[in-house]
Amino acid sequence: MSPASTGASTTVGAAASVPAVDSRMSPGGPGYRRMSLALFLAGVATFALLYSTQALLPLISGEFGVAASDASWTVAAATGGLALFVLPMSALSERFGRRTVMTASLAVAVTVGLLVPFAPSLGVLVVLRALQGAALAGLPASATAYLAEEVSPRALVTAIGLFVAGNSVGGMSGRVITGWVAQEWGWRVAVGVIGAIAVACAVAFRLLLPAPRNFKAGSLRPRVLARTVRDHLSNPLLCRLYAIGALFMTVFGGVYTVIGYRLTEAPFSLPQGIIGSIFLVYLVGTVSASTAGRLVGRLGRRGALYAAGGTTATGLLLSLAGSLPLVLLGLVLITGGFFAGHAVASSAVSKTATTGRAQASALYQSAYYIGSSAGSTVGAIAFHAGGWAGTVGVGLLAVLGVVTITVFGTRAARMRQRLATAA
C-alpha cells in the first residue's frame, strides 16, 4: 500500500508544518512580570551592596584617619573582586544553572554585608569588601545570560534595561539611605541597614524568579572555557563593546567616588544627609536604562552610544561650575548618559554572542568593573592632585575613548557594507 493511501505522508507533513513552541518569555506573557521584578530586586541588592561605602567615604576617612585615595579602596576592592571572579562564576553558571549561581552569590554577599559594620580597621574593611565583590560576581553575567535564554529577542534590550534600572535604584537608595542614617548614627549602622535591605531583596528574588526553561548545561573543563573566552576575545565587535563598558564605568566610578568629598568642601559644605540625597539623580539612570531599547530603535546602536557619550561629556563640563544647581544638572546628565550607554553596550553583547553567552557577558562585566575600580582609584588620585577639575579630566578622556571606539566601529561597518555591495 502506498504512503498516500495510508495517509502517512499527510500526517508527517502536518507534523512538520507545526512550528516549535517558543517557551521564551515576552511582555504580557506568563512569568514575565515575576522575572522582571526578581531581576530588578537582584539589581537593587547588587548595587546597594557593591557601592554601600561610596557615599560614606568622608566619614570612613575621618574615623580611620586616611586620605580619600586610601578610603576609595573600600569601593575599588569590591568592584575589583567582582571583576576578577565574574568569569569563573559565569563558568559555574554554565554548568549548574543561572538561577542556582545567582541565588548562592546573593546569599554569600548578604552574609558578608552583615559583617562589614564590625570591621575593626580599614584593612579588614577592604578585605571584607573584596570578598563581597567576589561573591556578587555571580549576578551580572548570569543575569544577562538568563535573560538571553529565557526572554524573546524583541524584548531583550528592554528586559536588560530593567535589570540595569534595578542597578540604578540600588545605587541610589543605598547612597541616600546610608547618607541620612550615617548622619545620625554613623557609617557602621548605615552599612548594616543596607545589609538588611539586601537580605530582603535576596529572599524575594529567590521566591519570584521563574525556573529556567531553555538552559542547557555546559562543560566546566578549563580547555573548553579557554576556547570560548578566546573566541569571544577574537571578535572585534565584542572587544569594542567591552572597552566601551569599561570606559563608561571609569567616568561613573570616578565621579561618584569623589563627589562626596567635593560637596563637603567649600563653597558647598553640605552635611552627610544632604550629600546622600544627591544620589536621587540615579532615578534618571533608571529611566534612561529602561528606555534604551527605544533609543536604539530610533538611532541605532552606534547612534545611541554617540548620544550617551555626548550627554555624559556635557554633564562633566557642567559639573565644573561653582553653582550647586549646575553641579546637580551635570550629575543628572552624567548619570543618564552612563546608564543609557551601559544598557546599550551590555544588551549588544548578549545579542552578538551566539554561544557561551555567560562568558561573553562575564567578559563585559569584568571589563566594566575594572573600569569602575580604575575610575574610583584614578579619580580619587586626580582629585587629590588637581581637585574636581582633575577628576573631570579623567572622565573626559574616558568619554573620548568611547567616541573614538564607536567611530572606528562605524567605519568598519561601512567598509563591510561596501565590500558586500561590490561583491
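Helix H3 (residues 32-50) and helix H11 (residues 187-208) pack at an angle of about 155°, and their axes lie 8 Å apart. H3 is therefore roughly antiparallel to H11, a label given to angles over 145 degrees. Here axes are lines fitted to C-alpha atoms, for helices over the stretch in contact, with angles from 0 to 180 degrees between N-to-C directions. Helices themselves are DSSP runs (H or I, at least four residues), while strands are runs of E with at least two, both numbered from the N terminus. The two helices cross in a left-handed manner, meaning that the near helix is turned anticlockwise from the far one by less than a right angle. On the H3 side the contact (heavy atoms within 4.5 Å) includes Arg34, Leu37 and Ala38, and on the H11 side it includes Ile194, Gly195 and Cys201. By class, the contact of H3 with H11 has 16 nonpolar residues, one polar and one charged. In this scheme Ala, Val, Leu, Ile, Met, Phe, Trp, Tyr, Cys and Pro are nonpolar, Asp, Glu, Lys and Arg are charged, and the others, Gly among them, are polar.

The model is predicted, so local features need pLDDT of at least 70 and side-chain atom pairs count only at pLDDT 80 or more, whereas totals for chains, interfaces and linings use all residues. Residues are numbered from 1 along each chain as its sequence is written, and side-chain values use heavy atoms, with hydrogens and water left out.

A second pair, helix H6 (residues 73-96) and helix H8 (residues 122-136), packs at about 30°, with axes 6 Å apart. H6 and H8 are therefore roughly parallel to each other, the term for angles under 35 degrees. Their crossing is right-handed. Among the residues that meet are Trp73, Phe85 and Met89 in H6 and Leu122, Arg129 and Gly133 in H8. This contact of H6 with H8 comprises 14 nonpolar, three polar and one charged residues.

Stepping back to the whole protein, the secondary structure comes to 18 helices and zero strands. Along its principal axes, the C-alpha trace spans about 95 × 50 × 40 Å. Buried residues (under 20% relative accessible area, 1.4 Å probe, protein chains only) make up 54% of the 423 residues.

Thr404 has 47% relative accessibility and so counts as partly exposed, the class between buried and exposed, the latter being over 50%.

Conventions. Parallel < 35°, antiparallel > 145°, perpendicular 65-115°, else oblique.
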